[in-house]
Amino acid sequence: MSGNHPKKYTYDISLDEGVGAGLVSWVTGLMVFFVTLTLALNFGLSSLAKTWVTGLSGTLTVEIKPPLPPEDGGKISPQSQQKFEDSIRNVLAMLKNNAAVSAARQLSEPEIKNLIEPWLGQDTGGSASLDAIPLPALIDVKLAPNADVAKLRTSLKIIEPDATIDNQSDTLNNVKTLVNTATLFMLLLTGVIVGLAVVTISGIVRSKLLIHQSEVETLHMIGASDEYIARQFRQHTLRGTLRGALAGLGCMLVTLFVIGAATHTIESSFLPHLKLMPLQWAALLLLPLVSGSIIAHLTAQATVLKELSRLP
Amino acid sequence: MALVRFSNIGLRYSTGAEVLHDINFELEPGSFHFLTGPSGAGKTSLMKLLYVGQKPTRGVISIFGRELASVSRKSLPEIRRQIGVVFQDFRLLNHLSAFDNVALPLRVSGLSEKDVKKNVTELLEWVGLGEKMSSRPPTLSGGEQQRIAIARAIINRPKLLLADEPTGNIDETIGLKLLTLFEELNKHGTTVVIATHNEAIVKSFPHPAMHLESGMLDIRHKKQIKAA
């Protein structure tokens, strides 16, 4: 058979055989799955927060309190109702003529009911009907660029001392704190996942060195350098890593699709539609894959070189 | 200059007793020595020291003119590549073909695949295994496995060839043929050391023997061997 071409070898050490040959793929697959999930949640949350912040910045809401019914359960007097309507008219007129305001619009009653519905439930028309609740007047104000809100607030207080202005600063601060906390938590979670993966891959590589000790020693004795032997483990780990990472990424994409489909069916005025930018998609697809591969690669290299240094 | 020099070498494993005591010898380039002694005398330990598979507990080993204690770890593979070893249990890699087993020393030396193919094919044909290049060791007979082990040991044209009990698993006729092959290699300049407990084989060849007994080494020349 001298003319036959011997089959090209893959590794000098039989790394594809023995217990735990596919463990690296599983570990990397899980690592990539969870890191991608964390990253996707982070991107989603940032995107959501951005939508909220954009919606809330440059606007404010003026609230004029409604007249309250008498304590004996009687009806609101026509005079009180007239005073309430006059206040609304006066405030709107002032706002429309103020240089700090680019647009001012009173919200309709259905719009106000829509806003409070998530807290009070749907209007069923029964005894708990929203009609029974005195609703304030809400005026949605879009501010002009570089508007002086303090001056506007003073002008408003002169006309209607009981009116309140909500420029959403508390809400914006809360959203920012929430996003920052979530980002920190996700970074920590990613760190824990990566740390666990490093420890596990290092353990798997050490076990493999033990399983294939005789082959490693033979290579060592015939003059293979540590780097030559480490390369075999590195390449094998990298191959397993890529296989696992692609599988993890695939599972993650399916999960994201399912989450996306599920959130579309949720009727909620809290959650605007989540949409990732192309750069975020690229990062989501490539970052865990590339970083997972690099981490596994370097872990295998460092572990093998450390263990080999014990040989003479 | 001696190819190998051992000066006051002692070896102990872990905290156990010393298995080799005050070993002193020199191997000249192109020499042929047997290493004899009863089982447990320390032959394998001495062979390990010779193929740089073990560090001595004390003493100085110099191989190819370099004191091993002062050689960096990175440079040791370069020294090992000039030493061919036929292990007693062959130590073939069972998942690789005969071709890939013999090719290993060339590949670790970084030779091109073209040269690897040429050299390995030639050598396997020379040892009579040209037809079994793609076979894996478990499918070959003991004699065939031994020839692969020998081919792997000599493919790099080593300066020093070590064989640990190479005739242990084969009959006497094949054993003598094998030793004749080692003599041929020796005639081409390779220094040879063969560890064996077979005194009959030692007496059949005109080469000196390094005799190990209870960890002590005694070099016997032909006349002494015959007298013994």
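**A walk through a predicted two-chain model**

B:Arg91 is partly exposed, because 18 other C-beta atoms lie within 10 Å (a residue is buried if 20 or more other C-beta atoms lie within 10 Å of its own, exposed if 12 or fewer, and partly exposed in between, with C-beta atoms placed from the backbone). B:Arg91 lies in the loop between β6 (83-86) and α3 (98-108) of chain B, and although B:Arg91 is not a glycine, its phi is positive, at about 55 degrees. This is a predicted model, in which local features need pLDDT of at least 70 and side-chain atom pairs count only at pLDDT 80 or more, while totals for chains, interfaces and linings use all residues. Residues are numbered from 1 along each chain as its sequence is written, and chains are lettered from A and ligands numbered from 1 in the order in which they are written.

Chain B as a whole contains eight helices and ten strands (helices, H or I of at least four residues, and strands, E of at least two, are DSSP runs numbered from the N terminus). Its radius of gyration is 18 Å, close to the 17 Å that the globule rule gives for 228 residues, so chain B is as compact as a globular protein of that length; the radius is taken over C-alpha atoms, and the rule is 2.2 Å times the number of residues to the power 0.38. The C-alpha atoms of chain B fill a box of roughly 45 × 40 × 35 Å along the principal axes, and 42% of the 228 residues are buried. Of the contacts in chain B between residues at least 6 apart in sequence, 68% join residues at least 24 apart, where two residues are in contact if their C-beta atoms, placed from the backbone, lie within 7 Å.

Chain A has eight helices and four strands, and from the N terminus on its elements run α-β-α-β-α-β-α-β-α-α-α-α. Of its 312 residues, 24% count as buried, and among its contacts between residues at least 6 apart in sequence, 88% join residues at least 24 apart.

Within chain A, the axes of helix α2 (residues 78-96) and helix α4 (residues 149-159) come within 10 Å and cross at roughly 150 degrees (axes are lines fitted to C-alpha atoms, for helices over the stretch in contact, and angles run from 0 to 180 degrees between N-to-C directions). The helices α2(A) and α4(A) are therefore roughly antiparallel to each other, a description used for angles over 145 degrees. In this pair, A:Asn90, A:Val91 and A:Met94 of α2(A) meet A:Ser155, A:Leu156 and A:Ile159 of α4(A). By class, this contact has four nonpolar, two polar and no charged residues (Ala, Val, Leu, Ile, Met, Phe, Trp, Tyr, Cys and Pro count as nonpolar, Asp, Glu, Lys and Arg as charged, and the others, Gly among them, as polar).

A:Asn146, in the loop between β3 (137-143) and α4 of chain A, has a positive phi of about 55 degrees although it is not a glycine, and it counts as exposed because it has 6 C-beta neighbours inside 10 Å. A:Ala245, found in helix α7 (residues 226-265) of chain A, is buried, with 25 other C-beta atoms within 10 Å.

Finally, the contact between the chains takes 19 residues from chain A and 26 residues from chain B. On the side of chain A that touches chain B, the largest share, four residues, comes from helix α6 (residues 213-221) of chain A.

Terms used:
Angles under 35 degrees count as roughly parallel, over 145 as roughly antiparallel, 65 to 115 as roughly perpendicular and the rest as oblique.
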